[in-house]
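Please open the model in your viewer and keep the selection tool at hand. The stops below say what to select next and what is there.

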There are 2 protein chains.
Amino acid sequence: MKEIQDREQLKHYLRAFQLESVFHEPLRPHLSLYGFEPGDLICTQGQAPEYLYVLVHGKLKIYTTSSEGKTLVLSFKTPLEVIGDVEYVRGTPILNTVEAVTPVCMIGVQYRWLHNYGKDHAPLLQFLLDIITQKFYVKSNSLSFNLMYPVEVRLASYLLSVTSDESESRLEEQGSAVSLSDAANFIGTSYRHLNRVIRQFCIQGLVERRKGVIVVKDRNGLSSLAGHNIYEHNQGKGETRL
Amino acid sequence: MKEIQDREQLKHYLRAFQLESVFHEPLRPHLSLYGFEPGDLICTQGQAPEYLYVLVHGKLKIYTTSSEGKTLVLSFKTPLEVIGDVEYVRGTPILNTVEAVTPVCMIGVQYRWLHNYGKDHAPLLQFLLDIITQKFYVKSNSLSFNLMYPVEVRLASYLLSVTSDESESRLEEQGSAVSLSDAANFIGTSYRHLNRVIRQFCIQGLVERRKGVIVVKDRNGLSSLAGHNIYEHNQGKGETRL
DNA sequence: GCCAATTCAGGACATATGTCCTTTCCCAAT
DNA sequence: ATTGGGAAAGGACATATGTCCTGAATTGGC
């Protein structure tokens, strides 16, 4: 992590994401921009958190590791997203490990300033509510989905959610570098089993393998397999009530 | 559902749960008390919500039903808990079905009043944040746990979390009426498989069956099976930062 | 271009879990 | 008491998924 000393850039992001009222005057001096390189850990499961981060550029991977060493990828995040919000509100240790997948830029604020100047600031509270309810919503879907459907269906849904709508879209686009084993950990299965299901999809003509890359051949087929159940992504802010 | 016309009782609950500042003067006239009988549905997945409810007495079951008819029990809730909070903030249809397990009493407020008089009211926002982050936390644990461990471990954890600390505690206490098939749906497995695992636990001397009731015989044994992973319950408000 | 080291795909087998069906047992209505 | 219905437990089998290992493919260094 390195701090980026560029108040102009910071202002730019605040404007671009309409965060000016969220981080009002008293908080401004305590905001900083931080850069992370792919593979950098932003925070680690179990540690005491210190900063609230707002992701404004790049892609993050959120995962948890069991005591036996198994890894479960919980989500991939793109802007606008917040890291450390739940921990801030609850005062608990960091829940999941967060790692930069691409070069990442985040706005960071120390909890103490957030608390001093923000704890009664309605726009900030509303912003946090908005973000956290969205997270809750996504996680809730994810929980039901993972518990109710077999890997086959989850993979179909996953492929639909990470590839774009072109006639032939492949996994691993725009340098997003989602490896197959990450995908397996995300779906909550083993790498081995993922391969098995992919092979089956190949046979059914739904996807194709091309040197380590999966190419979606038949979105409709995948859709009918997945049913209406799609891994929900950050679909923007939607209509919030606040 | 029937409305309970008793302002004194309402005041009593507000005091008991320290909700007086959360629901401040302008909101008070729009609060009502509602009673539900076991089996009553408080709200149904997919509907348009209208009320925010605060559970002040009784026990609720939250579940979701897939289009194929499979049911997944997401949680059981006891006071203090809020229903409809995520939907209120996000303006979305009801996510999960909520059913009374015991006689239930809840404080209800229509969204429109909440919005009119509460959308900038910091104590209310803080309250919602507190509740929702707690929900998020529990759900997050639940997701990882369910995806990472086999039914055996989940059941051990579940038994520990629903039975009290006595030397011999049985499932199905204090009229809580958690049926085995509810338990199966909660753990995310089939009734058949749950039985299989219970049988195995019996053989290992961990639990005993007595006419449809499960009696925990060896908490330590269950603990070592479950590892440190326990289904998190509402462990009170904890230390919140707000 | 060649080799060692690493990643990747898949075979073989074990285990976990689901589905369907049968048996038993309990209770309520007659 | 008799009987029908339905919960509760478990048998038999099919399927889904995990683990371990092997051989092919790929890559980076020389």
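A salt bridge is a side-chain nitrogen of Lys or Arg within 4 Å of a carboxyl oxygen of Asp or Glu. The model is predicted, and local features need pLDDT of at least 70, while side-chain atom pairs count only at pLDDT 80 or more and totals for chains, interfaces and linings use all residues. Residues are numbered from 1 along each chain as its sequence is written, chains are lettered from A and ligands numbered from 1 in the order in which they are written, and side-chain values use heavy atoms, with hydrogens and water left out.

**Where the two chains meet**

Select D130(A) and R90(B), whose side chains meet in a salt bridge with 3.1 Å from N to O. Between chain B and chain A the count is two salt bridges, and there are also 14 residue pairs in polar contact, with both residues at pLDDT 80 or more. A polar contact is a pair of N or O atoms within 3.5 Å; within protein, one must be able to donate a hydrogen and the other to accept it, and residues adjacent in sequence count only if both atoms are side-chain atoms.

Next, colour α4(B), which supplies the largest share of the side of chain B that touches chain A, namely 20 residues. Helices (H or I, at least four residues) and strands (E, at least two) are DSSP runs, numbered from the N terminus.

Now show the whole contact (heavy atoms within 4.5 Å), which takes 50 residues from chain B and 50 residues from chain A. The area buried between the two chains is about 4900 Å², and carbon and sulfur atoms give 70% of this area. Buried area is the accessible area (1.4 Å probe) that two parts lose on being put together, summed over both.

**Around DNA strand C**

Zoom in on R192(A), where an N or O atom of the side chain is 2.7 Å from a base oxygen of DNA strand C.

Finally, highlight α7(A), which gives the most to the surface near DNA strand C, with five residues.
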